[in-house]
Amino acid sequence: MKRDRARSVAMALGFLMVPAVVWAQAIAGVVRDTTGAVLPGVTVEVASPALIEKVRTAVSDGQGVYQITELRPGAYVVTFTLPGFSTVRREGIELTTGFTASVNAELRIGAVSETITVTGASPVVDTTNVRTQTVVGRAELDSLPLAKSFMGYNSLVPGLKGGTTEPGSRDVGGLTGESPVMPFIHGSDPGLAAMDGIKNMAINATADRHRLFNNTLTVTEVVVETGNGSAEAWSGGANINIIAKDGGNTFKGTVESEYVGEGWDSGSISDALRARGTKGRNRNQTTYDYGVSFGGPVKQDKLWFFLSPRWWGTKSSIAGLYYNKTPHTLFYAPDYDRNSVFERIHQDYSGRFTWQAAPKHKIVFQTSNGWASNVRGGEVGDNAPDGNYDIRYMPQGLQTLRWTNPATNRLLFEGTIALREDGNNTTVNRQLDIRPTDRRVTEQSLALSYGSHYGYTGITGVGRPGGNPGSGQHPEEQWHIRAAASYITGSHAFKAGFNTMTGFFNTNSDPLLTETYTFNNQSPVSLTQYAVPHYNEVQMNLVLGLFAQDQWTLGRMTLNMGVRYDSVNGGSPEFLRPGGFYLPPMVMPAASNIPNWKDVRPRLGVAYDLFGNGKTALKASLGQYAHSSNFSLTNTALRSSPGSSLVIAASRTWNDRLYPEGDPRRGNYVPDCDLRNYEINGECGRISNQNFGTSKGGTKFADDVREGWGVSPYIWESHVELQHELAPRVGLTVGYFRTWWGNLTTTDNLLTEPADYSQYCVTAPTDARLPNGGGYQVCGLYDVSFAKFGQVDNLIVQADGQRRVYNGFDVLLNARMGRGIFLIGGVNTGTQELNTCKAPDFPAQFCDRASATSEGLRASGWPAGTDIKWNLIYPLPWQGIQTALTYTNSAGQYQQPTRAYTNNEIAPSLGRNLASCPAPTGACSQTVLVLLTDQRTLYEKRSNQLDVRLSKIFRFGRSRLQANLDAYNLTNTDDILIVQNRYGSPNGGNYLQALNTLPGRMVKIGLQLDF
């Protein structure tokens, strides 16, 4: 590992002086004389305090076109000069990240000393770029009642949604804390987070796209990219880029605090929710956020600093999850007097040093160092507190060194190197007395696991061999390098460069026990055996992206033509895997090219200035993007390395009523069998995978999935949109988006064929809460033959014939009007088709969701795929008083009813016992969980949330104090975030009971001092 790290450092140092570009914002336009003729040779100068070098210049080309790119966000003055003509000075140009401001000029013949100053509204239509994005600056972030987290940014963009299993996809005043799950939009996959363009990803997780939680005091702008990126972009979908603050020649700072005390929220719920058996709602216990930032010069015009520590956290009770009244037993009884508790604690210490080494050479060192602690009291709904886990993300660091050089007014360079450290320590719930003898049990009738944690990455605890039982770590490290160069002539801009990533990830597991139990109505059904402790090492040898982007302006039309080469190469070194109850110590051989992907991805776009005045643009784009999970070792090397291909988990039936009455083994809740004997013996059936404890039947990848050109998973994104300036600083965007997925994969068991599976049906319960009152047949269920049960040799293959397509529309408004009025938001609506029916062995149940996924109609008549969001800042006519609000209207949580059917209920339709049973006939305890309706056809009521902030601003010379009074969820809606989907007995049990709800109306106080 040290050798690999040394190699990475050497690569980084070798490429340090190769340039890379972070910001793509620019000022561009056409210079003409009073007759309308273009003027070449005009000197264009942009000046801003945001520029370390203060001034940047360019010269208009033969078409009168100029372009000055790679500028910092901020306020600019643009000056046009040409001998024999009067000088024109354009003031008040506000430039945001990723935006090209169209600033045209008309020069008249006159004295050189004459200067004409024009003050007007900044343009709101970008007539050159096709990227879709929303940019929110520091002032808006300070004014809006937003949760200060990545999930809080969901409120900014219609259609932007969080993970479906994370309550962090909805937030009330920051009560859900930070979530590592990135949002998605337009049917694409979750995107990636970045800090000043450096990707901040967790390569050891598929869902957790980032785990370096953002210190909002360091933010100057938030850029939410929602698609159609240039060739520089790694992936499509929703990517969030945090633009960090710089120090300057003036000492400036901020002190910030926010607090919510216990009892500052409403606990009342509706009669409808109470009728479902819900006893309350999520309640705040404490929420806080404190931080300081300070920056200024170390040496005027030469060296600057910016430092910021921040401490924030939240603790709340969960509505429908309770502690176990009977701990240290095999049974669960809810303690209705003790709700589950969920807690997230964060700290971050960030710094930034900027050195103007020479007039055209700037070096920036940026550091972010933090940690987070999550006490997961069952907030995702399927774990009781004693069945969940605690996780500490430590260390969490990103160290970045960047060099920039605007060598000439046409040639720009930058180089970046970054080190990302990501560690996490997972244990059983530290708040509880979890004992080494506590067994994890899953109760099917409740869809709940309890007793002990045994679920993170499939195994309890993750720790180095010899660590404490039930605890452990996931160490991870990444090196990033970015490089690019830009050449701009005015009407033509060319940019080329590369980015790389290398890294490693170790998995260490040290479980309390080697088996978990499954009960149905407190009766043993089956058990799962784990070949642990487990240890695995994988590494990302090299992620390489080479890109070239060309932009041509031809009259009113701008062509954006790009191409990107992506390669991903992973592997696994040789290492010793520790031995345990089921397996002896094993040497895992080294493996390479898992995967070895190479792809060429086009990015094409066109923007047309319809009327030539920069106020109306028609845009279209088409581009192919890699899945963001392509860069995750969980989705690539980790799944196919020798250490990962070991079959470390397998289940078998357990009939605790096998022996006759009077036999002490009957009903003793102990599996009376030899667990090392994988055939039928005692109370245990055959093991579900006869390769348990070996790598013989471990999941493998077909050659055309694991290696080659054009075989990696990808997404095509396309859009057509019209942008129009309705009024000064008011823009309207109407767009159509289409997204479709390619190189989808599926699993083929090479030891079975379609003829080896028998179809059967079950009858849904009669219940008014089910479609048409229930009582219908649920078919499309398959069971393998007795002869083939336990025979597994899985191969991941290309899923030819499967389909995933999204079609949707956006209508967005962006208004930054006078007196500080700010309004952004609009409507997103879309539908998604998902068809996975073409499968090697048998089609999955409800495999054609063309009319169900995300477009099922609600009782209110609104399509479930419709999302409405508005954000408003409005200064009141009274001095220093300002109000702001955020409003969301979106689909409620979808219902997905399931029921555990016994073998006795299935056998009549199947014509025999389930294959997992000991014999084709006779007694069998096995059950099967069956989905009763197609996914996402039943929904809770639509969700509405209104958050309001009232601010009073006091000014003391150069200092500014803002006092905030926030009211979150002002209408006190009690929307269900997680619902009980398990149909239990009798009469449904806790079916449709709320497990997690939107917290009630809540008051927060806050102070922010800027000095």
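Mentor: Let us begin with Pro533, which lies in the loop between strand S27 (523-530) and strand S28 (534-554). Please keep in mind that this is a predicted model.

Trainee: What is the peptide bond from Val532 to Pro533, cis or trans?

Mentor: The general idea comes first: most peptide bonds are trans. In this case the bond from Val532 to Pro533 is cis, with omega near 5°. A cis bond also joins Ile594 and Pro595, where omega is about 5°. Pro595 is placed in the loop between strand S31 (586-588) and strand S32 (596-609).

Trainee: How should I read the phi angle, and which value does His328 have?

Mentor: Most residues other than glycine have a negative phi. His328 is not a glycine, yet its phi is positive, near 65°. His328 is found in the loop between strand S17 (303-324) and strand S18 (334-358). Gln522 is another non-glycine residue with a positive phi, about 70°, and belongs to the loop between strand S26 (515-520) and S27.

Trainee: Which strands are joined to S14 by bridges, and in which sense do they run?

Mentor: Strand S11 (residues 190-195) runs parallel to S14, and four bridges join them. Strand S13 (residues 219-227) runs antiparallel to S14, with six bridges between them. There, Glu221 has Ile243 of S14 as its bridge partner.

Trainee: How do I read the order of strands in a sheet, and what is the pairing in S35-S42-S39?

Mentor: The order tells you which strands are side by side. S35-S42-S39 is an open sheet of three strands with mixed pairing. Strand S35 (700-701) and strand S39 (745-749) are the edge strands; each has a single partner strand, so one side of each has no neighbour in the sheet. S35 is joined to strand S42 (residues 794-798) by two bridges, and these strands run parallel. Phe701 has Ile796 in S42 as its bridge partner.

Trainee: Which strands pair with S45?

Mentor: Strand S44 (residues 822-835) pairs with strand S45 (residues 867-875) in the antiparallel sense over seven bridges. In this pair, Ile824 has Asn871 of S45 as its bridge partner. Eight bridges join S45 to strand S46 (residues 881-890), again in the antiparallel sense, and Pro875 stands opposite Gln882 in S46. S45 and S46 form a hairpin with five residues between the strands, in which Gly880 has a positive phi near 80°.

Trainee: Which residues does Leu872 touch?

Mentor: Leu872 is in strand S45. Not counting residues up to four places away in sequence, Leu872 touches Leu144, Phe822, Leu823, Thr883, Ala884 and Leu885. Its relative accessibility is 25%, so Leu872 counts as partly exposed.

Trainee: Finally, how do I read the chain as a whole, and how many helices and strands does the chain have?

Mentor: The chain has seven helices and 55 strands. For its 1011 residues, a compact globule would have a radius of gyration near 30 Å, and the chain agrees with this because its own value is 30 Å. The C-alpha trace spans about 110 × 60 × 50 Å along its principal axes. Of the 1011 residues, 61% are buried. Among contacts in the chain with a separation of 6 or more, 73% are between residues 24 or more positions apart.

Conventions
Residues numbered from 1 in each chain as written. Predicted model: local features only at pLDDT ≥ 70, side-chain atom pairs only at ≥ 80, totals over all residues. Heavy atoms only, no water. Pairing = 2+ DSSP bridges. Rg over C-alpha atoms; globule rule 2.2 N^0.38 Å. Buried < 20%, exposed > 50% of the residue type's maximum accessible area, 1.4 Å probe, protein only. Contact = heavy atoms within 4.5 Å.
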